[in-house]
Amino acid sequence: MILGTNAEAFDNVPCSKRKLGTFSAVFLIFNRIIGSGIYATPSNILRSAGSVGVSLITWLVGALIAACGTAVYIELGTGLPRSGGEKNYLEYIYRQPKFLSTCTFVAYAVIMGSATANSVVFNLLHALSISPSHINIRITAFICLSSICLIHGTHLTWGLRLQNTLGLSKLIVVSAIAISGVMCLMGVTWFRVREEYEQPRNFDSWHRIWEGSGTGINAFVAGLYSVIWSFIGYSNANYALSEVRDPVRTIKKAAPSAMLAVTAVYIFVNVAFFAVVSRDDILGSQQIIAALFFRNLFGPMTEKTLSFLVALSTLGNLLAGQFSQGRVIQELGREGVLPFSSFFASNKPFNAPFAGLFTQYIVSCVLLWGVPVGDAYLFLISLSSYSLTIINTLVSGGLLLLYTPSYRSWKWNPPFKAFKPVIVLFFVSNLFLILAPLVPPVPESKTYDKLPYWSHSVGGFAVSIFGIAYWYVWSVWHPRRMGYRLERAWTLQDDGVSRFVFKKVSGS
């Protein structure tokens with residue numbers, strides 16, 4: 001594989017098929033990171049941190065780790081500017097045995113691409129004054145998933161427009177929240193906390209800022225774990241680089257811009273929440289922190305408005321996630337290792353990777369309707385997150401390997417290089433995310449009701465067994481048994497997309 005700056009021709013994708021510019025790439029990342037969590041997660045972080053000051057420090061540490069991850073993926077994306085993300089990086093770094101990394105990644109890609117959890121969060125029912133139930137929540141999620149598959153799979157341009165519009169709207173909304181909080185902190189008349197609610201004193205003095213600190217290292221680690229996950233999505237544009245105009249230049253601009261916007265949003269929205277809602281009110285309430293914020297400033301009748309904003313934010317997150325995951329399946333089809341690879345690699349009939357999008361849609365719907373609420377559902381959600389951590393660890397560790405003497409002959413020299421300490425910090429943070437769930441939780445914070453707390457961790461590693469088994473049967477056992485070997489060559493499909501094909505050649 002040749003590295004270079006002529007990324008337009010890197011993977012033989014014609015320029016006419018590159019529809020994404022810097023604006024779309026920025027919101028592909030921004031939309032993927034910021035979903036519904038910003039409206040609820042700060043409450044959980046405060047409970048772990050104990051004080052407002054430690055809570056804000058936790059968010060800053062998480063932002064630093066996310067910046068490291070962003071730098072790692074910019075380096076890999078500029079070195080291998082092709083859709084597929086981690087698939088490409090694992091293939092490039094872990095070349096032996098042949099095709100093993102690709103086959104193993106197939107199993108992880110299907111799990112990590114599921115949109116089931118976020119589709120359930122997309123809940124317009126409260127905003128429409130409809131009482132939620134297990135059935136109508138799932139029906140709403142099903143309609144949401146179906147609509148996303150159709151618009152991204154059949155009308156690429158309109159899907160991007162909707163995605164970018166929701167991203168811009170989301171940025172405006174969270175900016176308005178941040179500004180409202182700052183105005184309240186400054187004592188502006190129209191942005192004062194209503195008299196019937198507890199007046200916040202979180203920033204009244206240095207002592208107030210740090211009041212409640214000292215919850216312990218375990219609680220801080222738990223909070224940091226949640227913050228790190230709140231930043232996941234910085235690699236989202238890497239999954240679609242084959243559709244980005246001038247991808248090397250674009251990813252170098254879009255990824256930092258998106259992450260700066262995300263970090264600013266997280267920090268200033270947290271400050272806004274703490275400026276409007278007292279620490280005791282946050283810790284003692286069963287409501288999400290955003291609901292308390294809207295109640296304190298604008299009255300209790302704004303709950304439906306908040307529900308609507310959360311739903312729109314979630315929809316933007318889903319659109320960005322599924323847009324990218326459909327490209328991952330298409331890239332796996334282009335590698336030729338999947339059954340019916342030509343089907344998955346094709347852009348027919350709507351000039352979009354409909355087959356990849358539909359595959360993820362089917363998986364998400366099966367999990368939506370087939371998995372009951374409870375331990376099984378929580379297990380699958382946690383399994384998806386843990387699988388991503390394993391992949392990130394392999395990718396960042398592999399990037400470090402490329403700078404060792406043993407790999408010097410590969411001449412890894414991308415247009416952008418992350419500082420080595422940055423790569424190390426990202427690698428260590430992912431090791432932390434792998435090891436933290438293996439530590440027994442305190443009795444009052446059980447992960448599952450009946451399953452062992454380590455179930456999803458073991459399951460994350462067990463997923464690789466399916467990929468390894470498929471690789472062994474397809475590329476080793478069956479060729480030996482039938483007396484042929486596999487040879488791979490490029491071919492150009494009639495829709496203008498190139499892909500690998502495997503030919504069975506007689507002889508050992």
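**Helix packing and cores in a predicted model**

Tutor: Helix H7 (residues 134-154) packs against helix H8 (residues 156-185) at about 125 degrees, with the axes 5 Å apart. This is a predicted model, in which local features need pLDDT of at least 70, side-chain atom pairs count only at pLDDT 80 or more, and totals for chains, interfaces and linings use all residues. Residues are numbered from 1 along each chain as its sequence is written, and side-chain values use heavy atoms, without hydrogens and water.

Student: Why is H7 called oblique to H8?

Tutor: Under 35 degrees counts as roughly parallel, over 145 as roughly antiparallel, 65 to 115 as roughly perpendicular, and the rest as oblique. The angle is about 125 degrees, which makes H7 oblique to H8.

Student: Which residues make the contact?

Tutor: Contact means heavy atoms within 4.5 Å. H7 supplies Ile 151, His 152 and Thr 154, while H8 supplies Leu 156, Trp 158, Gly 159, Leu 160, Leu 162 and Gln 163.

Student: What makes H14 largely enclosed by the rest of the structure?

Tutor: Buried means under 20% relative accessible area, exposed over 50%, and partly exposed in between (1.4 Å probe, protein chains only). In H14, 28 of the 33 residues are buried, so the helix is largely enclosed. Just after H14, Gly 336 has a positive phi of about 85 degrees.

Student: What makes a set of residues a nonpolar core?

Tutor: Its members are buried Ala, Val, Leu, Ile, Met, Phe, Trp, Tyr and Cys residues joined through side-chain atoms within 4.5 Å. The largest has 114 residues, and Tyr 39, Phe 231 and Phe 293 have the most contacts inside it. Helix H11 (residues 247-276) gives the largest share of this core, 15 residues.

Note on methods
Axes are lines fitted to C-alpha atoms, for helices over the stretch in contact, and angles run from 0 to 180 degrees between N-to-C directions. Helices (H or I, at least four residues) and strands (E, at least two) are DSSP runs, numbered from the N terminus.
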